[in-house]
Amino acid sequence: MTRHARHALIAGAAAAALVPAALASAQDGPPTPTASAAATKTVTMQGVAFSPKTVRISKGGKVRFRWADNGIVHNVTPVGSKRFKLVVNGRSRATASNRTKGTATTAAITKAGTYTYICTIHAQSEPDGSFAPGSMVGRIIVK
C-alpha cells in the first residue's frame, strides 16, 4: 500500500468514526439555550393583572416587570416567607413603588422555590392568608 493510500484510508476511518456522533447529536434536537440566553423573563402589568401570572426560571435567573396599563398605578411587592430583591433605577429595593410606567428587574434569584408577589393596590387578602379572586397576584417558580 502506498503512503497516499494509507493516509486516505486513515482519514476515511477517522471520518467514519465521527459520523455516528454527529448523527446522534443532530437527532437530539437543537442545543439547549444557555442560562444567560434564558435568564430573564418578562411580566407585564396590563388589564389590572400580571401577565403571565406565573413564570418559571432557573436558579440565577431574573424577572423583569414592565408597567403597561394605560396610566393605571401598580407596584410589585414580594409577600410570604420567600422574598426577592428588585432593582429599580440601578438601586436595590424591597418593593417597586407605585408607578404607571417603566420597568424593574429582580436581582438574580439563587434559591429554588416559589416566590409570590402582589400589587398592593389591586390585591385583596382573605382571612386565611390567601388572596381574593381577581386580585393582582403573581408567582415566580425557581428550579
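Is His-74 buried or exposed? This is a predicted model, and in it His-74 has 0% relative accessibility. The cut-off for buried is under 20%, so His-74 counts as buried.

Now its surroundings. His-74 lies in strand β5, which covers residues 74-79. Strand β5 runs antiparallel to β8, and two bridges join them. On the β8 side, Arg-99 is the bridge partner of His-74. Arg-99 is also on the contact list of His-74, together with Ser-97 and Asn-98.

Five strands make it up, in the order β3-β11-β10-β5-β8. The sheet is open and its pairing is mixed. At the edges are β3, residues 54-57, and β8, residues 96-99. Each of these has a single partner strand, so one side of each has no neighbour in the sheet. From one strand to the next, the twist averages 25 degrees.

Last, confidence. The average pLDDT for the protein is 81, and 73% of the residues score at least 70. Residues 4-38 are another matter: pLDDT stays under 50 there. For that stretch the model has two contacts beyond four places in sequence. Where pLDDT is low, predicted coordinates should not be read in detail.

Terms used
Residues are numbered from 1 along each chain as its sequence is written. This is a predicted model: local features need pLDDT of at least 70, side-chain atom pairs count only at pLDDT 80 or more; totals for chains, interfaces and linings use all residues. Side-chain values use heavy atoms; hydrogens and water are left out. Two strands pair if DSSP finds at least two bridges between them. Helices (H or I, at least four residues) and strands (E, at least two) are DSSP runs, numbered from the N terminus. Axes are lines fitted to C-alpha atoms, for helices over the stretch in contact, and angles run from 0 to 180 degrees between N-to-C directions. pLDDT is the predictor's confidence in each residue, from 0 to 100. Contact means heavy atoms within 4.5 Å. Buried means under 20% relative accessible area, exposed over 50%, partly exposed in between (1.4 Å probe, protein chains only).
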